[in-house]
Structure formats: C-alpha cells, structure tokens
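Hi,

Here is the structure I promised to pass on.

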There are 2 protein chains.
Amino acid sequence: MADVGDQRITIHEVARRAGVSHQTVSRYFTRIEGLKPATRQKIEAVVSELNYRPNLVARSMRAKRTGRLAAILPSTPNLTHSNLLGTLSALAQAEGYRLEVVTIVGDARIRADRVLELATSGGFEGILSLSPLPLDPARSPIPIVTTADYDEQMHCQGELADASVVRDIMKHLVSLGHQVFFHIAGPQTYASARSRKLVYETTVKELGLRSHGVADGDWTGRSGYDAIQELPAASGVTAVLAANDYAAMGAIRAALERGWRVPDDISVFGWDDFDMGRYSTPSLSTVAVDREALGREAIQKLIAAVRHDEPPETTHGPINRIIIRESVGPAPHSQRSTS
Amino acid sequence: MADVGDQRITIHEVARRAGVSHQTVSRYFTRIEGLKPATRQKIEAVVSELNYRPNLVARSMRAKRTGRLAAILPSTPNLTHSNLLGTLSALAQAEGYRLEVVTIVGDARIRADRVLELATSGGFEGILSLSPLPLDPARSPIPIVTTADYDEQMHCQGELADASVVRDIMKHLVSLGHQVFFHIAGPQTYASARSRKLVYETTVKELGLRSHGVADGDWTGRSGYDAIQELPAASGVTAVLAANDYAAMGAIRAALERGWRVPDDISVFGWDDFDMGRYSTPSLSTVAVDREALGREAIQKLIAAVRHDEPPETTHGPINRIIIRESVGPAPHSQRSTS
DNA sequence: CGAACGCTAGTGACCGATCACTTTTCCCGT
DNA sequence: ACGGGAAAAGTGATCGGTCACTAGCGTTCG
C-alpha cells in the first residue's frame with residue numbers, strides 16, 4: 001500500500017526519499033530535460049513506488065497558469081455535442097490546454113452565478129460557453145467566449161448565413177408549389193431561435209407568401225406535436241418549418257394522426273440533423289450545422305484572448321447545409337383553400 | 001472598472017481597505033455569523049465595490065475540503081441525462097456539496113487517465129462516474145462510485161431487475177405468438193449491454209425459443225439499420241430486441257425498406273424511452289429507466305464514502321418500466337400458442 | 001469586586017507546489 | 001593544472017487563502 005494514514009504524499013516526501021531537493025523533483029515534473037540520468041532515475045523510482053502525482057491545486061496556485069479551459073454546456077439535450085466536444089478537446093490540447101467540459105443545470109440566473117464562480121475560482125484560464133448566458137463578460141477576470149451559434153454579436157454577421165438558409169429553404173418550398181407556411185419556433189432566449197423566427201417572418205413578407213404565423217415552442221417533440229394539433233383544419237398550411245428535429249418529429253406525428261400524409265399533404269423541415277432523423281419514417285429533411293467549424297472558431301478566439309493575442313480572423317465556409325429527405329415534397333395539387 | 005492592471009484582488013487588499021485583518025474577511029466568507037454588524041458592513045461595502053470573490057484554488061489548498069464532487073459523463077449521446085443531472089445536483093447541494101459535471105472525451109484509456117488526474121488534482125472530494133471506467137478505484141486517493149447502471153458489482157444484485165424486464169418483454173412477445181427472436185446488442189464494454197445480452201440468451205434457452213442470434217451494435221441508428229439489413233430473407237425473425245432506441249429506430253427503418261411492415265410483419269423493442277420514440281411512426285416500444293433512482297442511490301453512496309460514513313442501504317423500487325407502443329404487435333400468420 | 005467566560009478580532013504558521021536566485025558540480029580549452 | 005562558464009541542484013520566498021492560537025473587551029455570577 002502506497003499511502004498510509006490518509007496522508008497525501010507531497011513533493012517533499014518524494015524529495016526526501018530520493019535524496020534530492022524538492023525543487024529537483026519539481027523540475028522533474030515540469031521540464032524533464034536538464035536532469036542528470038542518475039537523478040532522474042532516482043526520482044522516477046520513488047515516484048512510481050509511491051504512486052505520486054503532483055497536487056494540481058497547489059501547482060496552479062503558485063504558477064497561475066493552470067492550462068485548463070472550461071466549456072459550458074447547457075443541460076438541455078438539444079445539441080448533438082459529442083463530435084463537437086471531441087474536436088474542441090483536441091484543438092485545445094494541440095495548443096497546450098486541457099478542456100474540461102462542465103454542464104451546468106438550473107435556470108439562467110443560477111447558471112450565470114456558477115459560471116462567474118468558475119471564472120473567479122482560479123481553476124480555469126478561459127471559459128467557452130455553448131449556451132446563452134445572461135452575463136456581463138466584463139465582470140469576469142478571465143475571458144469568456146460564447147459560441148457563434150448563440151452569441152448576439154456574432155449573429156449580426158452570422159445572421160446572413162442563418163438567414164440565407166432559412167430563405168433558401170422557403171424558396172425551395174415555393175419552387176415546389178408551397179404557398180402557406182407555418183413556423184414552430186424555439187425558446188426566444190436563444191439567439192439562434194430568435195434569428196430563425198425573424199428570418200422566417202421577413203422572408204414571408206419579402207416573397208409575398210401566406211403564413212399561418214408562428215407557434216411558440218421549446219425544442220421538444222411535444223411542442224411540435226401540440227402546434228400542429230392546434231392548427232385549424234382549414235388553415236391551408238402545406239409547409240412547416242420547425243426550430244429543430246425534435247419539434248419536427250412531433251409535428252409529423254400530429255399531422256399523420258390528423259390524417260395528413262407527409263409529404264403528400266404537408267411538408268416538414270427540421271433543424272440539426274439528429275441521428276434519428278435519418279432513420280425515421282418519413283425521414284426528416286433538416287439542416288446540418290457544421291458545429292465543428294463554429295467550435296473551432298470559438299476556441300481559437302478563446303485561446304487568443306487567454307494569451308492576449310490578436311483574435312484570429314474568422315474565416316468559415318458555409319456553416320449550414322440543407323438536407324432534403326422524405327418529409328418534404330411538392331405541394332398538393334388540390335388546393336386545400338383558404339382561411 | 002474594478003480590477004486595475006490585471007492584478008487579482010486578494011483577501012489582504014480587501015482587509016486593508018476595510019480596516020480589518022485578513023482573518024476577519026476570511027470569517028466573513030466562511031462563517032457569516034460571529035461578526036459585529038458594523039464590521040460586516042465595512043467588509044460588505046469593500047467586497048461589492050471591488051467585486052471581490054475568494055480564490056477557490058487557494059482556499060481548497062489550505063482547507064482540504066473543497067466541497068466539490070465531479071460527475072463524469074460519457075461523451076456518447078446515449079443517455080437522456082438532463083433530468084438526472086438536475087436531480088443529482090440538487091441532492092448534492094442538499095448535503096452541502098457542489099456537483100461539477102465533467103464530460104470526458106476520448107477512448108477508455110484516455111478517459112481513465114483523465115479521471116485519475118481529476119482524482120489526484122485535489123480539486124474534488126469524490127467522483128461519480130456515469131460511464132464505465134477501466135480503472136482500479138484503489139489507485140484513487142478519493143472515492144470513486146460508478147452508477148448502478150454500469151457498475152459490475154451492483155449488477156450482480158441489480159441484474160435481477162434488468163433480467164426480469166428482458167424476460168418480461170420476451171414473455172410478452174411470446175404471448176403475442178412470436179417465436180423467432182433477434183437481439184441487436186450494445187458495446188460489450190457496458191455492463192448494461194452485457195447484461196441484456198446475457199439475459200436474452202438465457203431466456204431463449206429457458207423458454208425454448210428460436211433465436212437468429214445477436215448482432216454487435218454500438219448504440220447508433222446505423223448499427224440497428226445494418227443488423228436488420230443483413231438479416232437473411234428467410235430468417236423468420238418476427239421479434240427484435242434492440243439495445244437502445246437509436247438502434248431500434250435504425251432497425252425499423254431497415255425493416256420498412258425491405259418491405260416488412262412494423263409491427264404486422266416484425267415487432268421491434270427499444271430501450272431508454274427517448275423523447276423521439278413517442279413521436280416517430282410507428283411509435284417505439286421501449287423500456288423507461290428510472291435513472292433518477294439509480295442516480296440518487298449512487299450519489300448517496302458517494303457522499304457516504306466521502307464522509308467515511310456507512311453506505312446507506314440500497315432500497316429502490318422497480319427501476320425499469322416497459323412501455324408498449326405501436327412498434328410491437330401480434331406475430332404474423334399467427335399460429336398462436338398463447339394463453 | 002474580581003475571576004471566569006463568551007464573543008469578536010488579530011497574528012503568524014501553514015497547505016504543496018513553483019519562482020527567483022544562489023551554490024555546487026562538471027566539462028572543457030588553454 | 002587551472003580558470004571559466006554552463007549545467008545541475010539547492011535554498012528560501014511566495015501564491016491566497018484557512019487553521020490554531022492569542023489578545024482585547026464586555027457581561028455574568030460567585
């Protein structure tokens with residue numbers, strides 16, 4: 001048994017047993033080169049015998065540099081974040097940082113509090129938030145970057161990308177003969193949800209389309225289901241744009257239950273390209289978001305901020321890619337006419 | 001405007017400005033009572049003016065007690081963990097601990113390494129793992145508890161619960177006239193996947209059923225899709241048990257594409273009760289897992305270990321609940337041997 | 001009235017690492 | 001053989017808090 005009596009092994013204990021000074025042991029862990037082979041061997045033996053590992057808390061207190069970044073995830077499961085996290089982690093690692101992914105549960109105020117706590121805790125050098133935060137970054141002693149997907153400011157420029165896709169979708173639907181539209185929105189606390197709604201409404205006006213309006217949703221299947229179920233029978237809606245794939249799934253279910261065929265009577269678009277959408281019947285038309293590109297950009301921005309470097313110029317290609325699957329088709333010829 | 005020149009504000013600076021000793025400021029943050037109102041007010045004023053918050057790294061170095069627990073999530077999206085995390089967080093908070101949820105990406109070895117690093121970092125008092133870890137808990141200086149869902153040892157006793165559900169499902173299918181079964185398994189690194197497979201095979205023998213065997217899956221929709229697509233046309237399989245809902249969705253898709261009606265020609269069972277399963281067509285028969293109960297139990301066990309208390313006796317009710325939806329029906333051209 | 005006690009506040013050591021600086025050792029050229 | 005300089009190793013201070021102990025002061029009670 002290595003450690004006896006609940007006593008944590010310290011660098012001094014290792015130094016004592018190896019017959020060297022504590023500083024030499026410290027060097028062993030920070031700059032491997034610059035030690036005589038004999039010395040290194042002595043230390044190595046003791047370290048592996050005691051199974052010693054430096055106390056990172058103590059290290060980071062003295063050294064200031066912890067080499068750790070935190071990625072804040074929302075607790076809502078509306079993100080396919082697995083790939084994204086892998087990418088982020090790898091990128092951070094390549095730059096010499098470790099990425100710790102932290103999920104914070106609770107309402108907006110609690111989450112902002114906890115993030116501020118993380119920021120002032122001294123444990124991290126920078127924070128990357130993947131969810132909206134009602135937080136003034138100036139109150140934080142370390143850089144906080146919000147991903148482009150949710151960042152207000154970035155959306156002023158990123159809006160074009162988002163906008164063009166929503167417009168593209170609607171134009172495509174128009175070319176298939178659709179004329180009456182319906183939008184199931186996401187929570188308006190999310191900039192991305194706000195943006196999609198805004199562009200939807202703008203495009204309706206711009207192209208002179210008819211819209212049955214916008215339903216308030218919350219990303220869930222139920223919200224999509226309810227929205228369609230409450231649609232008047234004579235609304236004439238033939239094209240539905242849902243805020244994400246869950247809502248779209250619910251919408252399709254409700255439509256089928258009302259006896260509307262999808263896509264023969266009504267077309268449905270989702271957003272996010274969740275795994276399940278490919279395998280459901282009908283399979284889901286959706287928008288694949290290149291979250292990797294967004295994440296890459298965000299973490300590069302963060303690392304630059306941590307290092308007090310100039311932020312890298314943002315050069316991303318197309319972020320959103322439209323995927324047409326079975327849930328979208330031509331508008332029914334028989335005009336189920338007006339309200 | 002608060003902090004000037006990148007200089008972190010320390011407790012001494014606060015003490016100086018408030019005209020008290022650093023220890024008094026420390027008391028202000030640890031034990032609010034025991035300060036004269038006048039003193040407290042002076043400190044409060046300075047604290048809010050400077051926007052000071054204690055450095056948690058320094059605090060936990062001296063105090064040893066960090067009050068923080070880490071919950072390790074797998075990066076695979078096969079868990080509906082949102083509710084669970086809320087529950088865990090609340091329970092921990094009630095016991096005076098803060099729960100930090102950490103997602104670790106990478107293969108098993110990397111993840112074990114990172115967990116060990118977290119354990120020895122001094123930042124946490126205990127670790128709760130929601131994914132399998134190839135790690136010897138004895139190597140960790142702090143308690144590591146794995147949730148019942150994945151823990152080898154617990155499964156020896158928890159197996160009954162799991163087993164009875166798989167058996168119940170199969171018995172139900174038999175009562176509907178099904179005789180030829182097929183199992184799409186999950187990764188065998190997961191104890192839960194192993195257990196389901198084991199019980200499947202046992203029950204096949206026990207009830208004298210015919211089985212087309214077990215396909216190796218990885219929780220994904222694709223693995224379910226491929227498994228069904230590769231099924232020989234004359235296999236005679238009429239009942240499929242998938243390891244989770246994703247695989248089940250893929251299986252249904254493949255079946256439909258081969259011209260098999262679900263559930264008229266073939267019945268499919270999932271596992272996990274994901275949101276989408278309720279809204280897909282056909283809706284998915286599945287098993288709802290009371291992860292909250294599992295999580296509650298696990299975190300209580302962890303906190304007991306951290307405090308060197310006796311572990312609480314495990315008293316959970318039924319964990320798994322079978323949900324029958326449209327994807328399951330009577331066997332085709334029924335030669336029912338029913339009850 | 002004084003000793004005992006409780007409450008509030010202060011002093012200096014200490015947690016376990018690294019940093020800055022100093023001392024010792026080693027190697028090499030003349 | 002020796003001086004010089006680089007490489008290796010050591011010494012003590014330090015990061016920002018809390019802990020253990022002590023000092024001052026007002027209140028209570030014998």
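How do the residues of the surface near DNA strand D divide into nonpolar, polar and charged? There are 9 nonpolar, 12 polar and 5 charged residues. (Ala, Val, Leu, Ile, Met, Phe, Trp, Tyr, Cys and Pro count as nonpolar, Asp, Glu, Lys and Arg as charged, and the others, Gly among them, as polar.)

Before the rest, some housekeeping. This is a predicted model, in which local features need pLDDT of at least 70 and side-chain atom pairs count only at pLDDT 80 or more, while totals for chains, interfaces and linings use all residues. Residues are numbered from 1 along each chain as its sequence is written, and chains are lettered from A and ligands numbered from 1 in the order in which they are written.

Now the two protein chains. Chain A can be laid on chain B with an RMSD of 0.2 Å by a turn of 180° and a shift of 0.1 Å along the axis, superposing by least squares on the C-alpha atoms of residues with pLDDT of at least 70 in both. The copies are thus related as by a two-fold rotation axis. In chain A, the residue that comes closest to this axis is Val102(A), with its C-alpha at 2.5 Å.

Where the chains meet, 43 residues of chain A are in contact with 43 of chain B, contact being C-beta atoms, placed from the backbone, within 7 Å. The chain A side has 16 nonpolar, 19 polar and 8 charged residues. Because 100% of the interface residues of chain A are also interface residues in chain B, the copies meet through the same surface. Strand β2(A) pairs with β2 (residues 98-104) of chain B in the antiparallel sense over 3 bridges; pairing takes at least two DSSP bridges. Within this pairing, Val101(A) has Thr103(B) as its bridge partner.

Last item: just after α12(A), His308(A) takes a positive phi of about 60°.

Cheers

Terms used: Contact = placed C-beta atoms within 7 Å. Helix = DSSP H or I, 4+ residues; strand = E, 2+ residues; numbered from the N terminus.
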